[in-house]
Amino acid sequence: MNVASAELNTKPLRVVIGVGGGIAAYKAAHLVRYFTERGHQVRVIPTRSALNFVGAATFEALSGQPVATDVFDAVDEVQHVRLGQEADLIVVAPATADLMARIAHGRADDLLTASCLVATCPVVLAPAMHTEMWLNPATVDNVATLRSHGLTVLDPAHGRLTGKDTGAGRLPEPEQIGELALTVLADREAFTRDLEGKKVVISAGGTHEPLDPVRYLGNASSGRQGYALAEVAAQRGAEVTLVAGVTENLPTPIGAELVRVKTAREMQQAVMEHAPSADVVVMAAAVADYRPAEVAESKMKKDSEADLSTIKLTENPDILAGVVEARRQGDVASTTKIVGFAAETGDENNSPLDLARKKLKKKGCDLLMCNAVGEGKVFGQPDSSGWILRPNGDVTEVPEGPKTGVAAAIWRAVCETH
Ligand code: CTP
């Protein structure tokens, strides 16, 4: 059963945070905070080896709840079944190779594995280990087994590991784990591995169009929706290139290759470079339609002779329309799916949906996600809602919820498009 998104914002959840014995166990303390700050009740179940890294007192103080590791702790409360049975969500971070092996094989030799074995709620594992361990066929098989049993195993991040080594196996940031876990709670199918082997290109954020070395024309896009699309696509198994314009300071989505751009023309170049090898192109960026016709080489001065009261603009390329045209010409594969966005306020004669229908026709893409914007809605906000439109007239409503949930709805629609 899925927990309705709206409920997630109001209903206090019973969250079990399992902590494996790895150096990244210290990040679990922040994960406890992530959930308690949102009003949820957290029980921490560390493995015995996790307590070598972080003491029980830390978890007890942060969660305000007792901490136990063994099935024989507090036997009178029958903890080994009660905590797992009553949980709304179990998040295991870090999930070590050994811990995943034990859960995959149905072991119940400590309180955490026993809790996972009785749980019917979503169980989300955030692995952290050395790259060799992550790539070892035994771990690969265990991950596949866990996923086939309906547990969610997040892909680890790339980056600095415990020693001098870097690679896949780093624990993602606690906020990323928390957000992804809540996404799974709202939609258990959010991270179905249906994009395995697919390449996707996603644009995000706004563009800055320079007027002079210190001034630009820009917009209020935060980039959150594009980042959420990248995050969810990577967790569904895709190879992700995220072409990010100007965004808020957001963590790089786990597993995504980040290409930074500033202007619409830079974004066009990056998208067109990657589109020919992509299975899906999603234009979530808020691209400036116009740029200043001339860019001053030095800072424009009030007392200069030039007329500064008027800015002459020139039109920017329409990147989305360009990708559609490249597909028509055969430069992008005919099988590549193209997704556009529409941010609409509506006007006196048209609802946002009416305008989105017209835009879908004009742009010629395969799916269009329409957000009704304005009055503080969508831009810069963690939540969003809207409609997914298809050229055959079908419309899927996307209810109000976190942008990761909206991203999951978009990827589901993409995967259903043939
Ligand atoms: N887009 C684009 N290149 C542009 C402008 C927009 O690729 N120069 C893409 C956006 O990323 C989005 C879609 O086109 O996927 C719709 O963007 P939007 O700004 O809503 O539409 P416009 O075509 O600019 O139309 P208008 O501003 O008139 O509503």
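**From paired strands to the ligand**

Within strand β3, Val 92 is the bridge partner of Gly 18. The model discussed here is predicted, with local features needing pLDDT of at least 70 and side-chain atom pairs counting only at pLDDT 80 or more, while totals for chains, interfaces and linings use all residues. Residues are numbered from 1 along each chain as its sequence is written, and side-chain values use heavy atoms, with hydrogens and water left out.

Strands of a sheet pair through backbone hydrogen bonds, either parallel or antiparallel. The strands named here (E, at least two residues) and the helices (H or I, at least four residues) are DSSP runs numbered from the N terminus, and two strands pair if DSSP finds at least two bridges between them. Strand β1 (residues 14-19) and strand β3 (residues 89-95) run parallel and are joined by four bridges. These strands belong to an open sheet of five strands, in the order β2-β1-β3-β4-β5, with parallel pairing. Because β2 (41-46) and β5 (152-153) stand at the edges, each with a single partner strand, one side of each is left without a neighbour in the sheet. Strand β3 also holds Pro 94, and the peptide bond that leads from Ala 93 to Pro 94 is cis, with omega near -5 degrees.

Another set of strands shows antiparallel pairing. Strand β17 (residues 367-372) is joined by three bridges to strand β18 (residues 383-389), and the two run antiparallel; here Leu 368 has Leu 389 of β18 as its bridge partner. Leu 389 also stands opposite Val 395 in β19, as β18 pairs with strand β19 (residues 395-402) in the antiparallel sense over six bridges. The hairpin of β18 and β19 has five residues between the strands, and in this hairpin Gly 393 takes a positive phi near 100 degrees.

We turn now to the ligand. It is surrounded by 14 residues, of which the closest are Met 283, Ala 285, Leu 320, Lys 359 and Lys 363; a residue is near a molecule if one of its heavy atoms lies within 4 Å of it. A backbone N or O atom of Pro 317 lies 2.9 Å from a nitrogen atom of the ligand, whereas a backbone N or O atom of Leu 320 lies 2.7 Å from an oxygen atom of the ligand. From Lys 363, a polar side-chain atom lies 2.6 Å from an oxygen atom of the ligand. The elements that give two or more residues to the shell around the ligand are α12 (319-329), β16 (337-344) and α13 (352-363), and β16 gives the most, with four residues. By kind, the residues of this shell divide into nine nonpolar, one polar and four charged, where Ala, Val, Leu, Ile, Met, Phe, Trp, Tyr, Cys and Pro count as nonpolar, Asp, Glu, Lys and Arg as charged, and the others, Gly among them, as polar.

Key:
Polar contact = N/O pair within 3.5 Å; in protein donor to acceptor, adjacent residues only side chain to side chain.
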